[in-house]
Amino acid sequence: MSFPPWSYFVGSAVFHYLGPSFAVLLFSRVGPLGVAGLRIWSAVLVFVLWRRPWRRFSRDGWRTIVVWGAVLAVMNSSFYMAIARLPLATVAAIEFLPVIGLAALGVRSARNFVALAAAVGGVYVLTDVRLEGEPLGFVFAFANAGLFALYVVVAHRAAQSDAGGIDGLAMAMVAATVFVLPLGGVQAATVLTDPVALAAGIGVGISSSVIPYVCDQLAMARLSRATYALMVALLPATATVIGLVVLRQVPTGAELAGVGLVIAAVAMHRGER
């Protein structure tokens, strides 16, 4: 059974912040970098058992795999350092800002220009009403945003080549384990004797790195980079909803209006190649 490309992105968007919202609840037991390490290592375990990717991996794509893995490791670490200090919706809105440039580069019609403007307006509202928190949190949030834009470029290029797909993603996650070790290894080691935290970390890995990244590859193989980048506008809206449901971070009327603008923008957009 074949699903429309946008459905894969919706699946990615939901789990992109559902997993991190549970990670926030883990911070009382494990530091943010330790959670990032647990997320990646548990995801690798799933991919290795599920795909055994080395059997189908082409050595021609090893450079893409190494860069992809490095981006995943540092991006995830920056993300957790940010959400440990800022509301989830704030980090999500900042994460969108560089990616909007990728979407703008691919606009070819008046309809999609209006959709892009609506998405920017919606995210601006979501950003403007949440600019509160620790200054260091914003440093990590903007670092994560830049790396997320780089992730979209690298992962999309991989999805459209022999280096991508689920097996390429699995190999990139294996590479990420090496890069994340010096970042989160010490903090992650503290949970080896805590079965509750360890189980929660595995759950975060599956919901944050396995499901959404697999959905990303399925979507990116079928969508242009600009279309995918515009759909990233859904992430701040998704984060606002999940922040309400899981973390009890209640949105204001302005935030709800921003969510509505983003949803309307994505509904209005028509794919371009």
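**Close-up views of a predicted model**

**View 1. Phe148 and Tyr151 share helix α6.** These two residues sit three residues apart in α6, about one turn of the helix; helices here are DSSP runs (H or I, at least four residues), numbered from the N terminus. This is a predicted model, in which local features need pLDDT of at least 70 and side-chain atom pairs count only at pLDDT 80 or more, while totals for chains, interfaces and linings use all residues. Residues are numbered from 1 along each chain as its sequence is written, and side-chain values use heavy atoms, with hydrogens and water left out. Phe148 and Tyr151 form a stacked aromatic pair, 5.8 Å centre to centre with 25° between the planes. Rings of Phe, Tyr and Trp (its six-membered ring) pair if their centres lie within 6.5 Å; planes under 30 degrees apart count as stacked, over 60 as edge-to-face and the rest as tilted. Phe148 is buried at 2% relative accessible area, and Tyr151 is buried at 1% (buried is under 20%, exposed over 50%, partly exposed in between, with a 1.4 Å probe and protein chains only).

**View 2. Phe47 and Trp50 make a stacked pair.** Their ring centres are 6.1 Å apart, with 20° between the planes. Both belong to helix α2 (residues 32-51), and because they are three residues apart, about one helical turn separates them. Phe47 is buried at 1% relative accessibility, whereas Trp50 is partly exposed at 45%. Beyond neighbours within four places in sequence, Phe47 has contacts (heavy atoms within 4.5 Å) that include Arg52, Ile166, Met173 and Val214.

**View 3. The largest nonpolar core has 55 residues.** Such a core is a set of buried Ala, Val, Leu, Ile, Met, Phe, Trp, Tyr and Cys residues joined through side-chain atoms within 4.5 Å. Phe47, Trp68, Leu72, Tyr151 and Met173 have the most contacts inside the largest core. Helix α6 (residues 135-159) gives the most to this core, with ten residues. Apart from it lies another core, of 22 residues, including Val30 and Val191.

**View 4. Ser78 is placed in helix α3.** Here is a buried serine, with a relative accessible area of 9%. Setting aside residues up to four places away in sequence, Ser78 touches Phe140, Ala143, Asn144 and Leu147.

**View 5. Phe27, Phe79 and Tyr80 form a cluster.** Ring pairs link these three residues. Across the whole structure, a search finds six aromatic pairs.
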